[in-house]
Amino acid sequence: MAEVYRDELGIPHIRATDLRDLAVAQGEVTARDRGWQIEVDRLRSSGQLSELIGAAAVPWDVFARRARLDDTARRAFDRLDGETRRFIGDYTTGVRRGMEAVGQHAAESCDLDEAFGDARPLTPWNDHDPLGVLHVAHVLFSTFPTVLWREHVAAALGDDWVDVFAGDAADETTPTSGSNAWALHGSRTESGMPLLAGDPHRIFELPGVYQQVRLACDEFDVIGLAFPGVPGVPHFGHTGSAAWGITNAIAHSVDTFQERIRVRGDGYEALGPDGWDVVDVQRSVVRVRGGADVEVEALETAHGCIVTDLRPHGDELRAWSIRHPARTNADLGVDALLPLLRARTAGDVVAAFASWVDPVNRLLAADREGTVLSATVGTVPQRGRNERRLALDAVVAASAPDRTMPAAVAVTDVAVDANERPSAEQMDLGWAYPSAHRAERITLLLDAVRPRRATEFPEIWGDTVSGSWAALRTFLPAGEFAAPVAAARDLLAGWDGRMDAGSLAAGIFAAWRSALVQAVAAHPALAPLHAAHGFGAVFDPWLRIEGQVAAALPRLLRHPLLQADAGEIAAAALTRAASASAWGARHRMLPLHVLADVPGVTSSGPSFDAELSGDGDAVRCTGSTPGVTDRSWRGSVARWAWDLADRDASLWSVPFGASGAPDSPHFSDQFDPWVGVRPTRVVTDWSILRLDRSTGAA
């Protein structure tokens with residue numbers, strides 16, 4: 001038995017005597033608060049989401065079965081040590097209890113039953129399902145979908161074009177990837193103790209991807225951000241004496257192989273370094289609610305799971321497989337969960353993350369002794385830089401051993417992580433990185449603002465200066481224009497690059513950028529890229545040409561095949577953009593909901609229609625897809641600041657709320673403060689929290 005308390009935002013604070021009761025309680029409370037969400041992610045892991053929402057989920061279910069997500073979670077669960085297995089099993093017991101009491105009555109399930117004219121009963125969770133939910137959260141977070149994009153570029157345009165889209169150390173691309181984090185040593189703070197802060201950038205999903213939670217028992221008392229459906233707080237947490245936060249290292253953690261396949265009897269063979277080998281094949285059927293079933297063949301070669309469609313190629317087939325460390329090692333990194341909750345020092349945190357797997361993260365950790373550490377954590381193959389550029393040839397390439405990660409580094413002043421290319425060669429584990437703009441802006445602001453307490457961080461979180469503007473302003477056209485166009489150009493010429501919602505200049509710039517993207521994407525030089533990529537529908541977001549053109553726009557405009565047209569393109573784009581309205585009139589949130597593509601069912605997304613400041617490559621991340629939409633579909637899915645001197649002086653915020661139920665007052669009560677960059681203070685005093693009810697009670 002455990003007690004559940006709530007603060008004014010409905011955030012659960014769970015207090016139990018021992019670890020096992022606490023784990024059960026976290027699972028039960030999560031099912032109560034986020035039952036619909038965790039059931040969706042559980043079905044994503046098993047490749048059964050189509051059974052719930054119909055044909056809209058088929059591309060994902062096909063991928064999940066090809067990648068063998070559920071089998072990987074089962075294997076990883078089976079190899080856990082006894083205590084960790086019990087911890088996860090106890091959490092799942094709580095989920096089953098909460099789903100039976102509350103989760104099965106989710107409004108979304110009722111809407112689906114009405115739309116399809118039938119009822120889908122819930123099935124009990126398996127003990128390994130939390131590992132599947134964690135796997136779903138990260139399986140496409142590595143860089144292998146971008147490797148597939150580079151494969152498409154090389155095939156369509158030639159190898160030389162790969163680096164045009166990928167960028168280099170002096171001119172990076174991919175600004176739509178990111179998160180921010182920074183650490184201040186105690187010598188920089190009012191209390192003399194460290195401060196950590198940041199904001200992870202992901203897709204805006206309803207309900208939100210992170211769940212604020214407090215977990216307390218006789219061993220520990222921890223606040224943090226949990227993945228609903230997964231016990232503990234793996235990414236961001238504060239134990240009272242130690243704290244941590246992460247950003248994505250943009251590392252090449254998943255090898256991709258181009259496979260030669262041939263049919264052999266009722267199965268397949270793959271050509272490897274030692275000749276033709278039998279391919280393991282698992283055949284299954286995706287049951288599609290309201291539609292026709294889909295048969296799936298999941299192929300696994302000596303290199304890994306084939307995750308793409310099979311392409312005819314002469315007498316053979318071509319496909320791409322991935323060597324995912326979670327599957328290869330039967331390890332999803334959950335051995336870190338309990339040591340993190342028990343961490344008392346920054347060193348304890350780093351030691352806990354030694355068992356982390358995927359994705360590879362940059363870690364900042366601090367403690368009340370004043371120690372601040374920076375580390376890179378996770379599992380990567382030992383590959384040279386050139387081996388990370390494109391898919392490896394499965395005929396000649398062997399699997400690589402896992403690399404030993406560099407030791408943690410002590411921070412004695414300030415540390416900033418924003419997914420930029422590391423300056424230290426031993427930390428450079430990827431191929432292409434986001435622009436250094438956000439890291440440079442945060443560093444500049446920390447020096448200019450000199451924040452000494454967490455309450456002074458909103459000026460940093462809220463910075464709206466665009467990195468794209470600095471890269472594109474050299475293409476602003478000169479010459480004679482009609483008066484409205486000339487006025488728009490002059491406004492941009494004197495603009496400071498801040499993407500504020502009320503800024504007319506920001507609106508004109510965004511419209512100009514979108515028009516540039518559309519014109520460049522339609523340029524004859526890039527016409528071959530519009531051909532079907534053939535990898536499978538699940539990869540469409542990574543291989544949509546407008547998004548990739550937006551990421552590499554300055555480099556493309558300077559390319560010899562486009563350079564002669566760049567001036568005309570820029571002028572025509574400015575003419576189209578001159579009448580644009582202020583940025584916020586078009587830049588509004590568009591949160592994604594799994595029901596958005598289900599006919600006859602209305603999701604909760606359209607109600608989040610506030611004007612937003614920021615941009616995809618600003619510190620205040622509210623990313624859109626230039627050339628496609630100005631609506632923001634990804635950005636800061638949480639803001640957090642951990643004070644090591646006083647945990648109650650810490651701050652946290654999510655875009656929506658603590659509850660996943662649309663009719664709850666806590667479904668969206670954090671939205672307005674999130675828009676205004678006003679995180680709330682953490683509350684840990686049990687006497688001012690509201691007692692909800694004990695877990696296990698009716």
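These legends describe close-up views of a predicted model.

View 1. The largest nonpolar core has 92 residues. Leu-131, Val-349, Phe-353 and Trp-642 make the most contacts inside this core. Helix 1 (residues 19–46) gives the most to it, with 7 residues. A second, separate core holds 69 residues, among them Ala-391, Ala-488, Trp-512 and Leu-562. In soluble globular proteins, nonpolar side chains tend to be buried together.

View 2. Helix 3 (residues 58–66) is largely enclosed by the rest of the structure, because 8 of its 9 residues are buried. The buried set includes Val-58, Trp-60, Val-62 and Phe-63. Just after helix 3, Arg-68 takes a positive phi of about 55°. Arg-68 is also part of a salt-bridge network with Asp-71, Arg-75, Asp-280, Glu-300 and Arg-327.

**View 3. The salt bridge between Asp-309 and Arg-66.** The structure holds 55 salt bridges. In this one, the side chains of Asp-309 and Arg-66 meet at 2.8 Å, N to O. The partners are 243 residues apart and link distant parts of the chain. Arg-66 sits in helix 3, whereas Asp-309 lies in the loop between strand 16 (305–306) and strand 17 (311–313). Arg-66 has 15% relative accessibility, under the 20% cut-off, so Arg-66 counts as buried. Asp-309 is partly exposed, with a relative accessible area of 30%.

View 4. The side chains of Arg-586 and Asp-630 meet in a salt bridge of 2.8 Å, N to O. Arg-586 is in helix 22 and Asp-630 in strand 25 (residues 629–636), so the pair ties together parts 44 residues apart in sequence. Arg-586 is partly exposed at 23% relative accessibility, while Asp-630 is buried at 16%. Arg-588 forms a salt bridge with Asp-609, with the closest N and O atoms 3.7 Å apart. Both residues lie in the loop between helix 22 and strand 24, 21 residues apart in sequence. Asp-609 is partly exposed, at 33% relative accessibility.

**View 5. A nonpolar surface patch.** Ile-203, Leu-590 and Leu-592 make a nonpolar surface patch of about 220 Å². Leu-590 lies in the loop between helix 22 (583–586) and strand 24 (622–625). Leu-590 is partly exposed, with a relative accessible area of 34%.

**View 6. Ser-664 in its loop.** Ser-664 is found between strand 27 (651–653) and helix 23 (671–675). Ser-664 is buried, with a relative accessible area of 19%. A polar atom of the Ser-664 side chain lies 3.0 Å from the backbone nitrogen of His-666.

Conventions: Residues are numbered from 1 along each chain as its sequence is written. This is a predicted model: local features need pLDDT of at least 70, side-chain atom pairs count only at pLDDT 80 or more; totals for chains, interfaces and linings use all residues. Side-chain values use heavy atoms; hydrogens and water are left out. Patches are made of residues with over 30% relative accessible area and no salt bridge: like charges are joined within 9 Å, nonpolar side chains (Val, Leu, Ile, Met, Phe, Trp, Tyr) within 5 Å. Accessible areas come from the Shrake-Rupley method with a 1.4 Å probe; for residues, only the protein chains shown count as cover. A salt bridge is a side-chain nitrogen of Lys or Arg within 4 Å of a carboxyl oxygen of Asp or Glu. Helices (H or I, at least four residues) and strands (E, at least two) are DSSP runs, numbered from the N terminus. Buried means under 20% relative accessible area, exposed over 50%, partly exposed in between (1.4 Å probe, protein chains only). A nonpolar core is a set of buried Ala, Val, Leu, Ile, Met, Phe, Trp, Tyr and Cys residues joined through side-chain atoms within 4.5 Å. A polar contact is a pair of N or O atoms within 3.5 Å; within protein, one must be able to donate a hydrogen and the other to accept it, and residues adjacent in sequence count only if both atoms are side-chain atoms.
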